[in-house]
Amino acid sequence: MPPHSDIVKVAIEWPGANAQLIEIDQKKPLSSIIREVSRQLLDRIQSHGIDARLEALKELAKLSADPTFATEFINMEGIGTLARLVESGTHESHYGLVQTDKPCCRMLAFTLTAFLELMDHGIVSWDLISLSFIKQIAGYVNQPMVDVSILQRSLAILESMVLNSHSLYHRVAQDITVGQLIGHLQVSNQEIQTYAIALINALFLKAPEDRRQAHCICLFPSQEMASTLAQKHLRSIILNHVIRGNRPIKAEMAHQLYVLQVLTFNLLEERMMTKMDPSDQAQRDIIFELRRIAFDGENDPSGTEKRKAMYTKDYKMLGFTNHVNPAMDFTQTPPGMLALDNMLYLAKLHQDTYIRIVLENSSREDKHECPFGRCAIELTRMLCEILQVGELPNEGCNDYHPMFFTHDRAWEEFFCVCIQLLNKTWKEMRATAEDFNKVMQVVREQITRALAMKPSSLDHLKGKLRGLSYSEILRLRQSERMSQDDFQSPPIIELRERIQPEILELIKQQRLNRLCEGSCFRKLGNRRRQEKFWFCRLSLNHKVLHYGDLDESPQGEVPLELLTDKIPVSDIKSVVTGKDCPHMKEKSALKQNKEVLELAFSVLYDPDENLNFVAPNKYEYCVWTDGLCALLGREMGSDLTRSDLDTLISMEMKLRLLDLENIAIPEAPPPVPKEPSTYNFTYNYG
């Protein structure tokens, strides 16, 4: 009897066995086929043949990223099987975890990869992980000379444990200390350094509030914290081996440094939100100390009693708003007691600067004196806003500042630099009390512009700020205003309206060209960005979207022949963004923060299918959503399009009006002259 047309034979080769022809019934449900594959893999990874187990684990590591396969494999107690393989130390032998080419080392690496991929789907709880498994993984991290692939996956597993389970945090924290992780920051492999800092961040983030400052991972200790040798050592290691290393900082490392910076600055939140208690004598003594350093000097034991009647005058000279009881100035949060901490640090560690600022302003005319106390309080509030003290890190943000890793008290030193800038700007503006808010706006602009230049040290920051004087800020504002503002006369408005369609067409072509070049996207739910990627690009005739998975992030364009999947543009129904995306409605997406939500978009196509994206950054998000809308004949409405439109129209307008420079353009066209009474002035050549 001839074989049924729905049954095909496929040749399958397994290590240690002859090739076999396997019959596959194409009518059989996909779920049952996946179940069979899962069962076969489960049997093979428990076989006695090393080659067969190695090949099975390698295949499992790849398949585990697929959620459908993962569900079937987990239902067969697959995760428990992998965990027992790790717990039993089956893969280990003498020095077997040191050399990558050893089969036992490769098997363990594939086992850990598969385990991590399966757990990342969120199908089972991390709380089910046994204590022996944790100790085994921690052992790989603490073991010297362990293979890089095993170390990398072990660090990633520990990070996921800490982030996903409160109980596991305590277990991991018992076996892994920051001191043990410091060694992994001194290696030449930036990927290992990145995973080590990521684990430090996870331990820091999940530590109970009362233990964070004792976690020994603070780089910039607050006023009350002792700057321990361990803290200095960690900051020094990160600065010298990571930030100032011989390799450029990759995006994931930059993100982890940013997270560490944010979490460390968040240690200031408690002081920032603590109001001063005017009845607390210890707190009031700090204000007395500020007054003493400014006006009494070091050797004046009788001065305190003699000058009690003059305290009110001194507090006014110090620039407090409440001259009678300056403690009331610190009852608003933010910045609360953090402002007083900063002032005391300046007075004690930079005493000459402090005394100079206070005395210099106390000798000025009343209307031009810069109120030190009020300025210090408002400046502290401003710095907290600029550096987002108290806010959680943003997903995908890489905005770390190298200079904050160069000093053990970088926050306080940053304040000291900025308070001197404020005093200098006040003088340059010849400001009075009525100009206080204007001065603070200029100072904010000076600081944010300087930070945007990424100074490598506090001394470099001072240099950047010297170049941003008040007159330079005015010049920059004027220049930017001239480049952004268009004339508002009717002829110019009409010219702008005529130019806009051709500029929009130019932007549209640029977006489509970028889609043809294609972009690499990170797989959703995979926090280890280096591991799983996929690529999508538009065909040159703008008719087909091609996409496919990649093992690693590409260095350039990916040829169409490597992208095995495709969607005809004619099948696309719509493009949705943010909360309307199917992958943002799933339960696992609820864990995503606002930044991920703002980078998500989906292509909906027949028959009720969708292709889900999370752009690597805002620029790629705008390019792709604009390009897809252009393909569908819809309006490109991104922020990038509006910005590009304004820029290009402004440039085109300036080019067309170049010949009219310094010529006043009238608000209305000149009137048309009356018709002549006769046309006898014409000459007939006939």
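This briefing describes side-chain interactions and nonpolar cores in the structure above. The model is predicted: local features need pLDDT of at least 70 and side-chain atom pairs count only at pLDDT 80 or more, while totals for chains, interfaces and linings use all residues. Residues are numbered from 1 along each chain as its sequence is written, and side-chain values use heavy atoms, with hydrogens and water left out. Helices are DSSP runs (H or I, at least four residues), numbered from the N terminus. Buried means under 20% relative accessible area, exposed over 50%, and partly exposed in between, with a 1.4 Å probe and protein chains only.

**Salt bridges**

- The structure has 26 salt bridges, each defined as a side-chain nitrogen of Lys or Arg within 4 Å of a carboxyl oxygen of Asp or Glu.
- Asp175 and Lys135 form a salt bridge, with 3.3 Å between the closest N and O atoms. Asp175 belongs to helix H8 (residues 166-175) and Lys135 to helix H6 (residues 131-142), so this pair ties together parts that are 40 residues apart in sequence. Asp175 is buried, at a relative accessible area of 18%, whereas Lys135 is partly exposed, at 46%.
- Glu378 and Arg381 are joined by a salt bridge of 2.9 Å, N to O. Both residues lie in helix H20 (residues 372-386), three residues apart and thus separated by about one helical turn. Glu378 is partly exposed, with a relative accessible area of 26%, and Arg381 counts as buried at 19%.
- A salt bridge also connects Arg511 with Asp626, whose closest N and O atoms are 3.1 Å apart. This pair links distant parts of the chain, 115 residues apart: Arg511 is in helix H25 (residues 490-517) and Asp626 in helix H28 (residues 618-631). Both Arg511 and Asp626 are buried.
- Arg291, Asp296 and Asp314 are linked in a salt-bridge network.

**Nonpolar cores**

- A nonpolar core is a set of buried Ala, Val, Leu, Ile, Met, Phe, Trp, Tyr and Cys residues joined through side-chain atoms within 4.5 Å.
- The largest nonpolar core contains 83 residues, of which Leu82 and Met161 touch the most other members. Helix H5 (residues 103-120) gives the most to this core, with eleven residues.
- Residues up to four places away in sequence aside, Met161 touches Trp126, Ile129, Phe133, Ile134, Leu168 and Val172; contact means heavy atoms within 4.5 Å.
- Another core, of 69 residues, lies apart from it and includes Leu268, Ile377, Phe436 and Leu476.

**Aromatic rings and a charge over a ring**

- There are 22 aromatic pairs in the structure. Rings of Phe, Tyr and Trp (its six-membered ring) pair if their centres lie within 6.5 Å; planes under 30 degrees apart count as stacked, over 60 as edge-to-face and the rest as tilted.
- Phe265 and Phe404 form an edge-to-face pair, at 5.0 Å centre to centre and 90° between the planes. Phe265 is in helix H13 (residues 251-265) and Phe404 in the loop between H20 and helix H21 (410-428), 139 residues apart. Both Phe265 and Phe404 are buried.
- Phe265 also forms an edge-to-face pair with Trp411, at 5.9 Å and 65°. Trp411 is in helix H21, 146 residues from Phe265. Phe265 has 2% relative accessibility, and Trp411 has 1%.
- One aromatic cluster consists of Phe521, Trp534, Tyr547, Phe601, Phe613, Tyr621 and Trp624.
- Arg374 lies over the face of Phe436, 3.7 Å from the ring centre. A charge sits over a ring if NZ of Lys or CZ of Arg is within 6 Å of the ring centre and within 35 degrees of the ring normal.

Definitions and conventions:
Helix = DSSP H or I, 4+ residues; strand = E, 2+ residues; numbered from the N terminus.
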